[in-house]
Amino acid sequence: MVTSSSVPRLVVAAPSSGSGKTTVATGLMAAFAARGLAVSPHKVGPDYIDPGYHALATGRVGRNLDAYLCGPELVGPLFLHGARGCDIAVVEGVMGLYDGAAGEGELASTAHVAKLLRAPVVLVVDASSQSRSVAALVHGFVSWDPEVRVGGVILNKVASDRHEVMLREALEQTGVPVLGVLRRAPQVDTPSRHLGLVPVAERRAEAVEAVAAMAAQVSDGCDLDALAGLARSAGALSCEAWDAAAAVASSPPPPLPFPSSRGSAPSTPPGGSAPWTPDRSERPRPQTPDGLVIAVAGGEAFTFSYAEHTELLTAAGAEVVSFDPLRDEELPEGTRGLVIGGGFPEVYAAELSANEPLRKAVADLAESGAPVAAECAGLLYLCRELDGLPMCGVLDAGARMTERLTLGYRDAVAVGDSVLAAAGTRMRGHEFHRTAVEPGAGAEPAWGLRTPQRRVEGFVRRGVHASYLHTHWAAEPCVARRFVERCRTS
């Protein structure tokens, strides 16, 4: 009998970005699922988009494993939480195998997570411009860290049968088995734009076809039995599965009563795919003692969040209801709090602006003092305008697209009290955007960032907490507990 701590698992890694990790990982998930296995999909790092394709391949929510945002100690528990009831787990890596947080050594790298999970690694190599040199490349990655167990290689973008023979002959000298060979296949390509792949929610029909093509390519070109056998060689984990209810119960209770925020500013200076949920029509609503509804933005424009956020809010006593700012003209009935995660409002600025009734409803809710938590795309939506088009006007700031990519992990501290965090709360986050908000911080900022510039960013106004920073609430469950309690008392 397979226990949750010994679920078969493997990590799909590569020497660098662009080698084909997403194609192989997603195709492998779908191929195993087609065999009738319950597959648990995971992604190393903060990326929100790949997990959407993983979910499509497996029928289960894609989950992130980020040793920087959550800390190394939570990687195993969060993995076991996602892998409950599964027959096998596939973990897609990030960047190159040994690439981690800048200046932090191996922290948050694929290699680091593989070691934390005691999982074997399958190395996906883009072989399109090499033959015998592939052996030197693989040997280097295998020998760099003896604690990382590379159990096999999948050769991607192989040009011909002759090319395959040359590659296999070279790799015989390394002792690392070739577990798959994939030819070039344009049909598995997924379109990209300024922040990476286009999310599943924006191209569902095409995404279904792409995932099916990935599954077919992996099934035809890889030894699935050998890969499943490698996954079964993973070591047992000694930790317990993460549980949202237990995490909320053990988090520090927020101070009560909260200062009233209706119609006045806080008395102290304030200040971690929307969460994946099925369609509202298909999703049973949990009953909470007081019917506390927290609305969560979704749809094509707001696709970025972590599944654990919804789970924590629910565990804290909220009824989480999704809505689509592109189509819904009203917030869900009884909304007492609002969460607007990341996504691509810049792509849908005209449609978001045209939905004036909802923009007004959001502004009215914020003006009433109800708690509103906005990250990145949510921040842009709350601004006065985005690329010259009217948005909600909750914040006296303008947003626009730029050519500059802002990307990286951040250490943050809450500047003062807010609906999410008490002053001095430290959290780790991630920035990823090509937009700018002017000004970049309000009179009461959300976070102080411990960067060389020691800058502040974001806005706290009444019950609003808006910031570019993406955070993972599993690292600080008190954030969800505090937000729900504020919704209950405001």
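User: Happy to be looking at this one with you! Which residues are buried in H2?

Analyst: Good place to start, and keep in mind that this is a predicted model. A residue is called buried when its relative accessible area is under 20%. In H2, that applies to Asp50, Pro51, Tyr53, His54, Ala55, Ala57 and Thr58. The helix, residues 50-58, is thus mostly covered, with 7 of its 9 residues buried. Just past the end of H2, Gly59 has a positive phi of about 75°.

User: Which strands pair with S6, and in what sense?

Analyst: The general idea is that strands of a sheet pair through backbone hydrogen bonds, either parallel or antiparallel. Here S5 (residues 121-126) pairs with S6 in the parallel sense over 6 bridges, and S7 (residues 178-183) pairs with S6 in the parallel sense over 4 bridges. You can follow Ile154 across: Val124 has Ile154 as its bridge partner in S6, and Ile154 has Gly180 as its bridge partner in S7.

User: What do the helices between these strands make with them?

Analyst: S5, helix H5 (residues 133-144) and S6 form a right-handed β-α-β unit. Another right-handed β-α-β unit consists of S6, helix H6 (residues 161-171) and S7.

User: At what angle do H5 and H6 pack?

Analyst: Their axes lie 8 Å apart, at an angle of about 45°. The two helices are therefore oblique to each other. Val134, Ala135 and Val138 of H5 meet Leu167, Ala170 and Leu171 of H6 in this contact. An α-helix has 3.6 residues a turn, so residues three or four places apart point the same way. That is a handy idea to hold against the contact list.

User: Let's move to the other sheet. In what order do the strands of the open sheet run?

Analyst: Its 6 strands follow the order S11-S10-S12-S13-S21-S20, with mixed pairing. On average, neighbouring strands are turned by 15° against each other, direction ignored.

User: Which strands does helix H12 touch on that sheet?

Analyst: H12 (residues 356-367) packs on the sheet and touches S11, S12, S13, S20 and S21, its direction making about 110° with that of S12. Helix H14 (residues 478-489) also packs on the sheet, touching S10, S12 and S13.

Definitions and conventions:
Residues numbered from 1 in each chain as written. Predicted model: local features only at pLDDT ≥ 70, side-chain atom pairs only at ≥ 80, totals over all residues. Heavy atoms only, no water. Pairing = 2+ DSSP bridges. Right-handed = clockwise from strand over helix to strand, strands pointing away. Axes fitted to C-alpha atoms, helices over the stretch in contact; angles between N-to-C directions. Parallel < 35°, antiparallel > 145°, perpendicular 65-115°, else oblique. Contact = heavy atoms within 4.5 Å. Buried < 20%, exposed > 50% of the residue type's maximum accessible area, 1.4 Å probe, protein only.
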